[in-house]
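Reader: I am new to this structure. Could you take me through the labels used for it, one at a time?

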Amino acid sequence: MTRTDGYVLDNRQTEAAEHFSAFAALFDPTTFRHLEALGAGSGWRCWEVGAGGPSVVSWLAKKVGPTGRVVATDSDTSRLARSALPRVEVRVHRLGAQDPPGEGFDLVHARLALVHVTDRKRALRSMADSLRPGGRLLVEDVDPALQPLLCPDEYGPEQQLANRLRQGFRKLLADRGTDLPSGRTLPRLLREVGLTRVQADAYFPIASPACAALESATMRQIRDQLVTAGLATDQDIQRHLMNVTSGALDLTTPPMISAWGRKR
């Protein structure tokens, strides 16, 4: 999920590295489990869509080995370019607005890549069309409407503040035209673009240190925007950051829904 033209979380901010690290700690194990189950291995040609940071790209590069290839795309490739990984081709690419960066892929993976795409079905069809017959597509998206709270156990003022600030974050996204992802729709959309053997599951972390690290980085990234928009005071945010650091909050994220299928 990377974009810098008006998007709330700018990859050029100093907190972006912390954000990517926390996000990888939370969700990479689930992503890697699915990629393993789909058979990613030696000699495979893979397209990593909306790669953002290098963690999944690095994992795929090791899996495909010297005879394989990984194409990593994003609208902002600054963090990928610094990695200079072997067997990885990095390209600037806007999903849904440009043709795929190749065809005949054994695997296409996209995590939080659909959030800025107006026509999700068109984007998914583009990814599906780039697969070889029998190729696999794995798409992962959160679903904030299924679980919109930062603190599901809202038993005190600290938790109430946390949830109010999370609502402010979502309003910032909505005001900028960001279409909050709905992971629940992915299985249906994969079937609609012609994939078979479609399945899905969800991962819902809670009370993980990585949840706290992600929240701290995110809140520092959007602090000025929340204050400017009148959604919070600087004192609110400082108090919340102290609460997060204390470890007393059981923080969570929206559920990450993973859906996968095969091309006929």
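Author: Start with a loop. Ala207 sits between β6 (196-203) and α7 (209-228). Keep in mind that this is a predicted model.

Reader: Why is Ala207 called partly exposed?

Author: Its relative accessibility is 47%. Buried means under 20%, exposed means over 50%, and partly exposed lies in between. Ala207 therefore counts as partly exposed.

Reader: What is the phi of Ala207?

Author: Phi is about 60 degrees, a positive value, although Ala207 is not a glycine. Most residues other than glycine have a negative phi.

Reader: Where does Arg87 lie?

Author: Arg87 is in the loop between α3 (78-81) and β3 (88-92). Its phi is positive too, near 65 degrees, and Arg87 is not a glycine. At 32% relative accessibility, Arg87 counts as partly exposed.

Reader: Why are α7 and α8 called roughly antiparallel?

Author: Their axes cross at roughly 175 degrees and come within 10 Å. Angles over 145 degrees count as roughly antiparallel. So α7 and α8 get that label. On the α7 side, the contact includes Ala212, Met219 and Leu226. On the α8 side, Ile237, Leu241 and Val244 are among the residues. By class, this contact has seven nonpolar, three polar and four charged residues.

Reader: What makes α1 and α2 roughly parallel?

Author: The axes of helix α1 (residues 16-37) and helix α2 (residues 55-64) cross at roughly 30 degrees. Angles under 35 degrees count as roughly parallel. The two helices are therefore roughly parallel to each other. Their crossing is right-handed.

Reader: Which residues of α1 and α2 meet?

Author: From α1 come Ala24, Asp28, Thr31, Phe32, Leu35 and Glu36. From α2 come Ser55, Val56, Trp59, Leu60 and Lys63. They divide into six nonpolar, two polar and three charged residues.

Reader: How do you know that Cys211 is too far from Cys151 for a bond?

Author: A disulfide needs cysteine sulfur atoms within 2.5 Å. The closest cysteine sulfur to that of Cys211 is in Cys151, 10 Å away, so the gap is too far for a bond. The count for the model comes to zero disulfides.

Reader: Are Cys211 and Cys46 buried or exposed?

Author: Cys211 has 2% relative accessibility, so it counts as buried. Cys46 has 1%, so Cys46 counts as buried. The cut-off for buried is under 20%.

Definitions and conventions. Residues are numbered from 1 along each chain as its sequence is written. This is a predicted model: local features need pLDDT of at least 70, side-chain atom pairs count only at pLDDT 80 or more; totals for chains, interfaces and linings use all residues. Side-chain values use heavy atoms; hydrogens and water are left out. Axes are lines fitted to C-alpha atoms, for helices over the stretch in contact, and angles run from 0 to 180 degrees between N-to-C directions. Helices (H or I, at least four residues) and strands (E, at least two) are DSSP runs, numbered from the N terminus. Angles under 35 degrees count as roughly parallel, over 145 as roughly antiparallel, 65 to 115 as roughly perpendicular and the rest as oblique. A crossing is left-handed if the near helix is turned anticlockwise from the far one by less than a right angle, and right-handed if clockwise. Contact means heavy atoms within 4.5 Å. Ala, Val, Leu, Ile, Met, Phe, Trp, Tyr, Cys and Pro count as nonpolar, Asp, Glu, Lys and Arg as charged, and the others, Gly among them, as polar. Buried means under 20% relative accessible area, exposed over 50%, partly exposed in between (1.4 Å probe, protein chains only).
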